[in-house]
Amino acid sequence: MSRTDYSGLIVKLSSQVDKLYVAVMKLNKHFWPALLKPGAHLTATPDYYSPGTEEEIQRMLQFRYDSWVETPGSIDFIKTMSAK
């Protein structure tokens with residue numbers, strides 16, 4: 001038997017995504033803003049970084065930004081989440 005009503009699963013997944021968004025924000029408040037406006041973060045060359053710093057995000061984005069760009073709708077989704 002196939003499922004036709006996904007509303008319960010959608011609500012559950014939405015709750016999980018909201019929690020993940022908040023958890024990332026708590027770990028490093030710079031991540032979501034830098035993802036939405038990467039600019040100089042992608043070419044920055046910090047000598048060192050510590051957890052929770054802007055420099056950490058610069059290094060992180062340099063390794064992972066392409067994955068976000070290559071995933072259709074991901075950055076627009078984060079824009080929507082950030083506007084809440």
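Where does Thr53 lie? Thr53 sits in the loop between α2 and α3, where helices are DSSP runs of H or I with at least four residues, strands are E runs of at least two, and both are numbered from the N terminus. The model is a predicted one, so local features need pLDDT of at least 70 and side-chain atom pairs count only at pLDDT 80 or more, while totals for chains, interfaces and linings use all residues. Residues are numbered from 1 along each chain as its sequence is written, and side-chain values use heavy atoms, with hydrogens and water left out.

To stay with Thr53 for a moment, its relative accessibility is 21%, so it counts as partly exposed; buried means under 20% relative accessible area, exposed means over 50%, and partly exposed is in between, with a 1.4 Å probe and protein chains only. Setting aside neighbours within four places in sequence, Thr53 is in contact with Asn28 and His30, contact being heavy atoms within 4.5 Å. Thr53 and Gly73 are 20 residues apart along the chain, and their C-alpha atoms are separated by 27 Å.

Now for the overall picture. The protein has four helices and zero strands, which gives the pattern α-α-α-α when read along the sequence. Its radius of gyration is 16 Å, well over the 12 Å that the globule rule gives for 84 residues, so the protein is more spread out than a compact globule. That radius is taken over C-alpha atoms, and the globule rule is 2.2 Å times the number of residues to the power 0.38. Along the principal axes, the C-alpha trace spans about 55 × 25 × 25 Å.

Buried residues make up 23% of the 84 residues. The accessible surface comes to about 6,500 Å², and 59% of it belongs to carbon and sulfur atoms; areas come from the Shrake-Rupley method with a 1.4 Å probe, and for residues only the protein chains shown count as cover. Taking the contacts between residues at least 6 apart in sequence, 49% join residues at least 24 apart. As for charge, the mean positions of the 10 positive and 9 negative charges are 8 Å apart. Here Lys and Arg count as positive and Asp and Glu as negative, with His and the chain ends not counted, and each charge is placed at NZ of Lys, CZ of Arg, CG of Asp or CD of Glu.

The aromatic residues deserve a paragraph of their own. The structure holds four aromatic pairs, a pair being rings of Phe, Tyr and Trp (its six-membered ring) with centres within 6.5 Å; planes under 30 degrees apart count as stacked, over 60 as edge-to-face and the rest as tilted. In one of these pairs, the rings of Phe31 and Trp32 have centres 4.9 Å apart and planes at 70°, so they meet edge-to-face. Phe31 is buried, with a relative accessible area of 9%, and Trp32 is buried too, at 5%. Trp32 also pairs with Trp68: the ring centres are 5.8 Å apart and the planes stand at 85°, so this pair is edge-to-face. The pair links distant parts of the chain, with Trp32 in helix α2 (residues 31-36) and Trp68 in helix α3, 36 residues apart. Trp68 itself counts as partly exposed, at 22% relative accessibility. Put together, Tyr21, Phe31, Trp32 and Trp68 form one aromatic cluster.

Helix α3 (residues 54-70) also holds Gln58, which counts as buried at 13% relative accessibility. Leaving out neighbours within four places in sequence, Gln58 is in contact with His41, Ala44 and Pro46. Ala44 and Gln58 are 14 residues apart in sequence, with 6.5 Å from C-alpha to C-alpha. With neighbours within four places again left aside, Ala44 is in contact with Gln58 and Gln62.

Finally, there is Gln16, placed in helix α1 (residues 7-27). Gln16 is partly exposed, with a relative accessible area of 45%. Gln16 and Ala40 are 24 residues apart along the chain, and 31 Å separates their C-alpha atoms.
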